[in-house]
Amino acid sequence: MSGTTSTPTSGSVNPSRRGRRSSTMGGMPLNDMPWWRWRANVRSALHMLSDPGFHETTWLAGQDGFGDVTDAVYRLVEDTWLDSWSAEKYVGTIFRDSGEAALVDVAVLRVLRIMHQVGADAPVSAYLEHHGWPEAVRAAREAHVRLATADEEDPDAPPRSLEVLRIMTGSA
């Protein structure tokens, strides 16, 4: 069996973090996940990252069912590889146009910069207290609103739990 697996370092495993990355062919990931699942995962992550009220009432409070900041970042970049290349690569599949892609790229870069500075397993408070966090939240909000509006959904509705996301996408 090919591919690499990783073992969690703590006793709990976040439900949207997977232990394996897709194999690649010519630099593109081989993945059987349809584009609309990718979009749902990206939208879910952007939604959570863009909502300061959610950060306080859910992430800081340690509410189950929504993962944490790092989990949201992984959902944002894991299957799409947006940590390796531009969202522009997905215009016409995950993203409707270059405007959506550009907003997603800005959000990804801002959030990843903070994650690299505070550490992937940092507590939620380390992210929220980072001097660049408000700008990352703003960038995520702009991308979230653009994608939600294009999908004819209310961008101000509360973020959905990871279980609801799994049901919506038919993910295991």
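To start with, how closely do the axes of helix 1 and helix 7 approach, and at roughly what angle do they cross?

Modeller: Happy to! This is a predicted model, in which local features need pLDDT of at least 70, side-chain atom pairs count only at pLDDT 80 or more, and totals for chains, interfaces and linings use all residues. Residues are numbered from 1 along each chain as its sequence is written, and side-chain values use heavy atoms, leaving out hydrogens and water.

The axes of helix 1 and helix 7 (residues 162–169) come within 10 Å, crossing at roughly 160°; helices here are DSSP runs (H or I, at least four residues), numbered from the N terminus, and axes are lines fitted to C-alpha atoms over the stretch in contact, with angles from 0 to 180 degrees between N-to-C directions. Helix 1 is therefore roughly antiparallel (over 145 degrees) to helix 7. On the helix 1 side, the contact (heavy atoms within 4.5 Å) is made by Trp-36, Arg-37, Ala-40, Asn-41, Ser-44 and Met-48. Helix 7 answers with Leu-162, Leu-165, Met-168 and Thr-169.

Now for helix 1 as a whole. Among the buried ones are Trp-38, Ala-40, Asn-41, Ser-44, Leu-46 and Met-48. Their cover includes helix 7, together with helix 2 (52–60), helix 3, helix 4 and helix 6.

Arg-43 lies in helix 1 and counts as buried because its relative accessibility is 13%. Beyond its neighbours within four places in sequence, Arg-43 touches His-144, Leu-147, Ala-148, Asp-151 and Glu-153. Arg-146 is 103 residues away along the chain, yet the C-alpha atoms of Arg-43 and Arg-146 are separated by 9.9 Å.

Finally, turn to helix 4 (residues 98–118), which has 21 residues. Its buried residues include Ala-101, Val-104, Val-108, Val-111, Leu-112 and Met-115, along with the acidic Glu-100 and Asp-105. What covers the buried residues of helix 4 includes helix 1 (35–49), helix 3 (69–77), helix 5 (124–129) and helix 6 (133–150). After helix 4 comes Gly-119, with a positive phi near 100°.

Notes. Helix = DSSP H or I, 4+ residues; strand = E, 2+ residues; numbered from the N terminus. Expected span 1.5 Å × (residues − 1). Buried < 20%, exposed > 50% of the residue type's maximum accessible area, 1.4 Å probe, protein only. Parallel < 35°, antiparallel > 145°, perpendicular 65-115°, else oblique.
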